[in-house]
Amino acid sequence: MAKKIIVVGASSGIGKEIATQLIAEGHKVALFARREKELKNLLGSVSSAKTGQVFTFKHDVTQYSQVPSVFAKAIKSLGGLDEIYYSSGVMHRIEPNEFSIEKDLEMLEVNLLGCVAWLDLAAKFFQDQKSGKIVGISSIAGDRGRRSNPVYNASKAGMTTYLEALRNRLAVKGIQVVTVRPGMIETPMTEGLSGLFWVITAKEAASTILQKVNSGKEDFYVPARWALVSLIIRSIPSFIFRRLSI
Ligand SMILES: NC(=O)c1ccc[n+]([C@@H]2O[C@H](COP(=O)([O-])OP(=O)(O)OC[C@H]3O[C@@H](n4cnc5c(N)ncnc54)[C@H](OP(=O)(O)O)[C@@H]3O)[C@@H](O)[C@H]2O)c1
């Protein structure tokens, strides 16, 4: 059955692939991002997309006060809402001796505050409706405070904890809240980064995410082998961890 779905951060990478696959499956989808042209291009690239099935909205998630009105517009266009995916994210490059409040604030605003602005609204909507599904694309980076990018790590730790808390609040009401923790995925965010390994494409990541969300999984790594890496990383004592260049 065709579902009514919002994807925030659908103009590139993982969000774009999730949106593409949802459209191809015949669902009604509302797409959000700042680059509306990219959203329209995506729509044109799915040959099976039908008129009246996909809606695009130019939106900056850091404009928190605009979220309630665009959320309402999307629900009106879709004729309801069954699921929401939050995939907007920023990971600035941070030099070893750099501390940049501008870069750090943007990562907190997009990765964490924008997520709260959107998913609080979705939580309230689904609570009243007594059904729905919330999916947040967090990261394995939130599992430990690493020296390379302190605020990216912190924004993802905040997002992971927020999603867990939403899940604990809403599970009794029959609402599924999903935390996705990708490892390394080939997208514009990771372009040009050195030292990547076990990299999979955004298309592969999206199909794994959709398959796991549909099978009822609540918190998982993409691909699954990153769960083992996380277990090891989380078990290293702090005084050893700080000596490692990871
Ligand atoms: N790639 C990886 O290896 C990896 C690993 C773990 C987790 N993740 C997470 O996965 C999510 C998707 O990342 P990706 O790799 O697919 O990166 P990406 O290709 O760079 O996509 C980022 C998306 O976020 C949107 N975005 C950024 N700033 C925004 C803003 N102010 N308002 C609205 N949307 C905004 C972008 O849209 P516009 O620029 O058009 O607004 C774009 O659609 C992120 O949360 C990222 O942290 C990625």
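The following legends describe close-up views of a predicted model.

Residues are numbered from 1 along each chain as its sequence is written, and side-chain values use heavy atoms, with hydrogens and water left out.

**View 1. The shell of residues around the ligand.** There are 30 residues around the ligand, and Ser11, Ser12, Arg34, Tyr152 and Thr187 come nearest; a residue is counted as near a molecule or strand if one of its heavy atoms lies within 4 Å of it. The shell is made up of 13 nonpolar, 13 polar and 4 charged residues. In this division, Ala, Val, Leu, Ile, Met, Phe, Trp, Tyr, Cys and Pro count as nonpolar, Asp, Glu, Lys and Arg as charged, and the others, Gly among them, as polar. At least two residues of the shell come from helix 1 (13-24), and at least two from helix 5 (150-170). Helices (H or I, at least four residues) and strands (E, at least two) are DSSP runs, numbered from the N terminus.

View 2. The side chain of Asp60 has an N or O atom 2.9 Å from a nitrogen atom of the ligand. On its own the ligand has 880 Å² of accessible area, of which the protein covers 95%. Such areas come from the Shrake-Rupley method with a 1.4 Å probe; for residues, only the protein chains shown count as cover.

View 3. Asn149 is found in the loop between strand 5 (133-137) and helix 5. Is Asn149 buried or exposed? Asn149 is buried, because its relative accessible area is 7%; buried means under 20%, exposed over 50%, and partly exposed in between (1.4 Å probe, protein chains only). Apart from neighbours within four places in sequence, Asn149 is in contact (heavy atoms within 4.5 Å) with Met91, His92, Ile94 and Met107.

**View 4. A salt bridge between Glu83 and Lys3.** A salt bridge is a side-chain nitrogen of Lys or Arg within 4 Å of a carboxyl oxygen of Asp or Glu, and by this rule the count comes to 8. In one of them, the closest N and O atoms of Glu83 and Lys3 are 2.8 Å apart. Glu83 lies in strand 4 (residues 83-86) and Lys3 in the segment before strand 1 (4-8), so the pair ties together parts that are 80 residues apart in sequence. Glu83 is buried, with a relative accessible area of 2%, whereas Lys3 is partly exposed at 21%.

View 5. Glu36 and Lys40 form a salt bridge with an N to O distance of 3.8 Å. These two residues are separated by about one helical turn because they are 4 residues apart in helix 2 (residues 36-45). Glu36 is partly exposed, with a relative accessible area of 26%, and Lys40 is partly exposed, with 48%. In helix 4 (residues 101-129), Lys124 and Asp128 are likewise 4 residues apart, or about one helical turn. The closest N and O atoms in the salt bridge between Lys124 and Asp128 are 2.8 Å apart.

**View 6. Arg93 and the backbone oxygens that its side chain reaches.** Arg93 lies in the loop between strand 4 and helix 4 and is partly exposed, with a relative accessible area of 37%. Its side chain reaches the backbone oxygen of Glu191 at 2.7 Å, and a polar atom of that side chain lies 3.2 Å from the backbone oxygen of Met189.

View 7. Arg181 belongs to strand 6 (residues 176-182) and is buried, with a relative accessible area of 12%. The side chains of Arg181 and Asp219 make a polar contact at 2.8 Å. A network of salt bridges links Asp143, Arg167, Arg181 and Asp219.

Methods
Predicted model: local features only at pLDDT ≥ 70, side-chain atom pairs only at ≥ 80, totals over all residues. Polar contact = N/O pair within 3.5 Å; in protein donor to acceptor, adjacent residues only side chain to side chain.
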